[in-house]
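Please examine the sequence and the structure shown below.

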Number of protein chains: 2
Amino acid sequence: MSEGERAEELIDLVENNDLTGIRLWLAEHRPYEIADELSRMDGGEAIIPFRLLDKDRELEVFEELDPGQQQSILLGLRDTAFHEILEEMDPDDRARLIGEAPAKIATRALAGLSPAERRMTAALLGYPEDSVGRYMTPETVILHRDLAVGRALEVVRARGAEAETIYTLPVVSDGRRMVGTVTLGDLVVSDDERLIKDIVDVFAPRVRATEPVEDAARLMQEANLVALAVVDSEERFVGLLTFDDALEVIEAADSEDMALQSGASPVGEHYVSVGVLRLVGARSVWLMLLIVAATLTVNVMQAFESALEAVTALALFVPMLIGTGGNVGAQSATAIVRALAVGEVRVRDLPSVIWKEARVGLLLGLLLAVLALAIGSLLVGVDVAVVVACSVIAVCTWAAVIGSSMPLFARKVGVDPAVVSSPMVTTIVDATGLLIYFSIATVVLGV
Amino acid sequence: MSEGERAEELIDLVENNDLTGIRLWLAEHRPYEIADELSRMDGGEAIIPFRLLDKDRELEVFEELDPGQQQSILLGLRDTAFHEILEEMDPDDRARLIGEAPAKIATRALAGLSPAERRMTAALLGYPEDSVGRYMTPETVILHRDLAVGRALEVVRARGAEAETIYTLPVVSDGRRMVGTVTLGDLVVSDDERLIKDIVDVFAPRVRATEPVEDAARLMQEANLVALAVVDSEERFVGLLTFDDALEVIEAADSEDMALQSGASPVGEHYVSVGVLRLVGARSVWLMLLIVAATLTVNVMQAFESALEAVTALALFVPMLIGTGGNVGAQSATAIVRALAVGEVRVRDLPSVIWKEARVGLLLGLLLAVLALAIGSLLVGVDVAVVVACSVIAVCTWAAVIGSSMPLFARKVGVDPAVVSSPMVTTIVDATGLLIYFSIATVVLGV
């Protein structure tokens, strides 16, 4: 792979201030590759190669950057360049940039726009954050249902250059009332004389502009759509959600789920360009809550302190036992959070999921108990080993039930299931697992 | 949402054998919705509604199913229906189905194909599993670079119906030598007289058919491509990878990464239709390895048994301490695994990543140590609390370094970074963290 070399090159070139070298490098790379390299620099560095881009590629590169990176680039530009870029951006990308930018940038940006573009942006900004409205493009070619295919094709050829996409063409009746969609492919392979209303797909899925964009993106993925029609509350066509935006939404949602699963808030930016303090901020909240919750484990241990003093060997297996319980719980939680995210499991499956996971946990517990019995017998003796083995069975079953039911309960009460993180499950299983362990020890060993 | 109600309906209808009801339900739903419901039933149940589908929708529904589900449907069909479906499938979907099916189904399937379709399938099956070749479609409309736009549009209109996609049109010179691509959009908005070679994008990315399909799919996502051209080792065009297949590949890869991150093998199928034993199989391997590795924690505890006997209070904080260390390590590992997967971090970033994570870990440790000191002082006394607090700082720093460097080392030696699961990091941090804890205790308390 030449990836490593190339990367070294641009950063080196920028550090050496080798303008000719940078120009050459830029000429040899595609916009998304350039954006990728810029994302790895801080704002001050990134502005140097950005300013050296040809006018027509500047915008393409800019649109590939995250909103955060876009802001720092914008801050480094003079007024003319600043306004030119904003004026040329796709309205949906612009709305998201302005929506997330500090007020100072947002006001300067809106003030510089032409009236038409400002109107379009303001309309998109009227939709809630993370709703379809913020991500859809209003720049489409709309076809009336009474048009003939040949005429429609002429319309597309004449107006297509200004639209963000022409692969999916919304079909409307009077008053922009949504009828369905026609794909450019269908249009191209149909006879000129046919009418749009005869080839329109009236069952094409559509979503409301106020719906969550992640749901819409997953729908596009399931239904294999290049673009999804967006309507207002009166079923009037307002825009299209395109697959590239959907892909970005899904990638961001998955990154977010993964971060949440590990008990961290999503940072939503390129790892390399995020500072240490922001990472600490994103990760510390849950850790602090969890260490406080872990006080429970100290309480449980204290409650059984006399048992611990009588049989010190019991303490030796605490890390192994709670580690194993935590692992089983985290596996269940991860599986269910993912199944919920991609729509394989629904809230009403709760009883069957718990029943399935309980059996999985029990079987895993039995397997692991055999190993625990062997390890325990070898290291300390059979009596403690039996306690450990019995506890492993109980704790694994319990962990699987907790790990699988918590995300489902979260969804049920309207909380993102991904906040049921592995660390949260682990901490709960730790405290309750110790309770199980020492209770079994008290019974079996009589301490 | 009507999702819940609808789901109950179809399953109920099938259970009551209400054929009229099933027919009505099918007529009211789209192929991907039908496929989604079928995925939630077992093979025997799913065949009933499947057989009631109209001939022309049968195929659409079938192509939306996972290969495993496709197999069980095929087994329930009579020979004519079996062969009709296979003959009509897209060649890439068919190749994947046959490639994953047991030999008995595969042979029966290949034998029934027409010579042309069999040739296409055999060619795709010649590529390694998980390579681009298995996922690309050979059914495209190829344009010669010397064609005029008007003529090219006629070609597309005449032959488009048989192609899987016409949004991206490969442009070749003599001998199918890849020149670049033209999008249908560009073609439609260009003047009839222009030549393809004047509008072709010669910089359009292309990949080799033997490359891993996940890399190609991520490239499509980065470059916002509806389809990606695939070439052989001599730069001849062989097929297109389309965005719907790319989306599926990315979703599957992300699901796989999430499963691996929790220490489970990916199951690669609908959660609801996977049996208990398969789940146990997928999760048990790592759990068994990890419980054996956890023997180390017992060893460490044993080595410091005299200290434990002298100050029983030390044992009380073991779960809290190793839990916190594990959480910090898992956060770092998850962040780096994801950053590697989406290309934000590369192997050569190893030193800067470790340096960043060490600082993050240290700061998190300092924050958490304050809480640990307070909790410890309240529950047992200042001396043990000081030991716990110092250990928290050291363990968090260490955990962040371990958690972040392990995925990078894995990638460096060619192993999927996602196998560096949170449970693996946790187990390592458990054993080493205890060593740190008891060493500090020995020094501070003099036990």
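**A partly exposed glutamate and its partner**

At a relative accessibility of 31%, Glu235(B) counts as partly exposed; buried means under 20% relative accessible area, exposed over 50%, and partly exposed in between (1.4 Å probe, protein chains only). This is a predicted model, in which local features need pLDDT of at least 70, side-chain atom pairs count only at pLDDT 80 or more, and totals for chains, interfaces and linings use all residues. Residues are numbered from 1 along each chain as its sequence is written, and side-chain values use heavy atoms, with hydrogens and water left out.

**Salt bridges within chain B**

- Glu235(B) and Arg206(B) meet in a salt bridge (3.7 Å, N to O), the term meaning a side-chain nitrogen of Lys or Arg within 4 Å of a carboxyl oxygen of Asp or Glu.
- Arg206(B) is partly exposed as well, with a relative accessible area of 24%.
- Arg218(B) and Glu214(B) also form a salt bridge, at 3.2 Å from N to O.
- Arg218(B) is buried at 10% relative accessible area, whereas Glu214(B) is partly exposed at 28%.

**Salt bridges elsewhere**

- Over all chains, the structure holds 38 salt bridges.
- Glu37(B) forms a salt bridge with Arg346(A), with the closest N and O atoms 3.2 Å apart.
- Both Glu37(B) and Arg346(A) are buried.
- A network of salt bridges links Glu214(A), Arg218(A), Asp254(A) and Arg338(A).

**Symmetry**

- Chain B can be laid on chain A with an RMSD of 0.1 Å by a turn of 180° and a shift of 0.0 Å along the axis, superposed by least squares on the C-alpha atoms of residues with pLDDT of at least 70 in both.
- The two copies are thus related as by a two-fold rotation axis.

Terms used:
Chains lettered and ligands numbered in written order.
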